[in-house]
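Reader: I would like a close look at a single strand and its surroundings. Please take one part and go through it step by step.

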Amino acid sequence: MTPLRLAAAGLVLLASPSLAQAPAQAPAWAQGRPDHMANSPLAPHAPKMTVTPPNEVPLDRLRVPAGFKVELWAHGMPGARMMALGDRGTVFVGTRVIGRVYAVTDQGGSRTHRILAQGLTQPNGIAFRDGALTVMAINQVLRWDGIEGRLDNPGAPADLTAAFNLPPDQHHGWKFTAFGPDGRIYTNIGVPCNICTFDRDRYALIVSFRADGSDRRIEARGIRNSVGFDWHPTTRELWATNNGRDWAGNDEPHDTLHRIRRSGKDHGFPWCVGSWADPEPSLGRRQCSEFEQPAASLGPHTAPLGMRFYTGTMFPEAYRNQAFIARRGSWNRERMSGYDVVVAKIDGQGRVTAVEPFLTGLLDENAQKFHGRPVDVLQLRDGSLLVSDEQNGVIYRISYGG
Amino acid sequence: MRRFPLGAAALAAALFCARAEAAPERADLCVACHGEGGVSALENVPSLAGQPETFLALQMILFRERIRKVEPMEVVMEGIADADIEALARWYAALPPPPSSPVRDPERVARGRALSAAHRCGVCHRPDYSGQNQVPRLAGQREDYLLHAMLDYQAGTRQGTDTTMQGVLHGLSPRDLGDLAHYLATLR
């Protein structure tokens, strides 16, 4: 900078108090970005909200282990994310930006979909129980009773928003929602920042409620943002994926899988991810050993979201009671990672012995380009596995044998 | 209505007719407000020419789905097909960007430039403010519209495809926003 320009900038700074200090609040995704990354070109990837024609869906790129087969099961649903299965086989699909809830039905081997609801604020949380569909959007909880009998005319839902009283924050305010084996409804409350200090009784939680929104209970604390969880089929323990913070480096911290053995335990955010202590100076330091340790690493910045334990009989025995996990893929990493479905292999003692690739091919490593973004997995009653791809607005079906 | 010199009007008409052959059918929806060639002459109405294609498509979807709420746009976009949205986005993205507005107040330009550097606007909007992907071009956009858009984000009345703009504008004064708009409008 020339002396002249420096002087001019100095004048401007003196004239303007708001310039003399750092911005009051960086956008949530950019908080915690150190000065040496100030000009990093990394930024969240653009969503795609128009229909991807079937012939442009990257089916040919997809790879699954020997003996498995992957097909295009449903398409034409921009933004398709979390899935829930109805009693009569309807697959309900939530979204974020486009604000829709879809319902996919199968008639004699071909699928059609309807738009059940639209104009909602990120209706990502989708759960089905006792004939009713519960949808959690940001600061909104809606329930359609008897939904599978009136897909063409779902009518007005019951509004449970006030009973659940969820925080209104947009950032990390989208929900994953599921009913537990105890009949309670579970959801995440993400932290409304990248890295910050916050009310630890209000954010970075997994919470459960009675189905009517009463009796809130903290199931896990210090979980930055979990957008996927399920209960182990035999132990009934809750397992959850979690998204680590951004801007701490290409390989730190790791996104994680958590085993929640007892309600209310602390899993360490914002201070620790396993034994990794966050260097953010404003946090202060804590001993990482005082927190629950993650069950496994799922890789740095890979964005592990929807996960389900496999309970079917179609896949080989080795997959029984193992966790399938969709990894939507990184943005805050110079080399892209994720964009796949992995299997966490869990032994009889609940230890994760390996995390293995299952559905791959959507990431072109050489070109550093992605062709799809898996968000959720869902087992159908025949034992096949659905995978939603948000970027292409489609659902793939993976089957074995036959 | 403002009067244009005859020569300029004839030139504009000739340019428009030359392009009209390739314009998508639905572009007739846009011209009345967003101007011939996607350069707006109306207060608080943005120019579309030279905006990133992805940004244009996503905004049209947000209007159609009534997630970004601007009354005239909700009416115009109601029920529009994805293919029409994609054709319009391609068309406007390929048009030459609007001319920059002349520098009227060098002090405000300098202040706006310093603010935009401090808030790192150029990381997402690119160092030349030409935009990329879901992030719009700011260079040469109408000053009144830039201010209007920032005020909407700050008030939480405008939804984007993510929450970045609400965060980054937090704490900026109306004067700051005005100077940012003033500076960005002068860029080419």
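Author: Take strand S23 of chain A, residues 340–346: six of its seven residues are buried, so the strand is largely enclosed by the rest of the structure. The model is a predicted one. A residue counts as buried here if 20 or more other C-beta atoms lie within 10 Å of its own.

Begin with the neighbours of this strand. On the one hand there is strand S22 of chain A, residues 323–327, which pairs with S23(A) in the antiparallel sense over five bridges. Within that pairing, Ala323(A) has Ala344(A) of S23(A) as its bridge partner. On the other hand there is strand S24 of chain A, residues 352–359, which runs antiparallel to S23(A) and is joined to it by six bridges. Ala344(A) has a bridge partner in S24(A) too, namely Val355(A).

How does the chain get from S23(A) to S24(A)? The two strands form a hairpin, with five residues between them. In the turn sits Gly350(A), whose phi is positive, at about 80°.

Now widen the view to the sheet. S23(A) belongs to an open sheet of four strands, in the order S21-S22-S23-S24 of chain A, and the pairing is antiparallel. The edges are taken by strand S21, residues 304–309, and by S24 of chain A; each has a single partner strand, so one side of each is left without a neighbour in the sheet. From one strand to the next, the twist averages 25°. The pairing of S21(A) with S22(A) is antiparallel as well and has four bridges. One residue pair to look for there is Arg308(A) and its bridge partner in S22(A), Phe324(A).

Strand S11, residues 185–189, is mostly covered, with five of its five residues buried. Its side chains can be sorted by direction: Ile185(A), Thr187(A) and Ile189(A) point one way, Tyr186(A) and Asn188(A) point the other way, and all are buried.

S11(A) also has pairing partners. With strand S10 of chain A, residues 177–179, it makes an antiparallel pair over three bridges. Phe179(A) has Ile185(A) in S11(A) as its bridge partner. S10(A) and S11(A) form a hairpin with five residues between them, and Gly183(A) in its turn has a positive phi of about 85°. With strand S12 of chain A, residues 205–209, S11(A) pairs in the antiparallel sense over five bridges. In this pairing, Tyr186(A) stands opposite Ser208(A) of S12(A).

Thr241(A) has Leu257(A) in S16(A) as its bridge partner.

Chain A contains two helices and 29 strands. Its radius of gyration is 22 Å, close to the 21 Å that the globule rule gives for 402 residues, so chain A is as compact as a globular protein of that length. Along its principal axes, the C-alpha trace spans about 75 × 50 × 45 Å. Of the 402 residues, 47% count as buried. For contacts in chain A between residues at least 6 apart in sequence, 54% join residues at least 24 apart.

Helix H6 of chain B, residues 106–118, packs against helix H10 of chain B, residues 174–185, at an angle of about 100°, with 7 Å between their axes. H6(B) and H10(B) are therefore roughly perpendicular to each other. The residues of H6(B) that take part include Arg108(B), Val109(B) and Leu115(B), and those of H10(B) include Asp176(B), Leu180(B) and Tyr183(B). By class, this contact has five nonpolar, three polar and five charged residues.

Definitions and conventions. Residues numbered from 1 in each chain as written. Chains lettered and ligands numbered in written order. Predicted model: local features only at pLDDT ≥ 70, side-chain atom pairs only at ≥ 80, totals over all residues. Pairing = 2+ DSSP bridges. Rg over C-alpha atoms; globule rule 2.2 N^0.38 Å. Buried ≥ 20, exposed ≤ 12 C-beta atoms within 10 Å, placed from the backbone. Contact = placed C-beta atoms within 7 Å. Axes fitted to C-alpha atoms, helices over the stretch in contact; angles between N-to-C directions. Parallel < 35°, antiparallel > 145°, perpendicular 65-115°, else oblique. Nonpolar A, V, L, I, M, F, W, Y, C, P; charged D, E, K, R; others polar.
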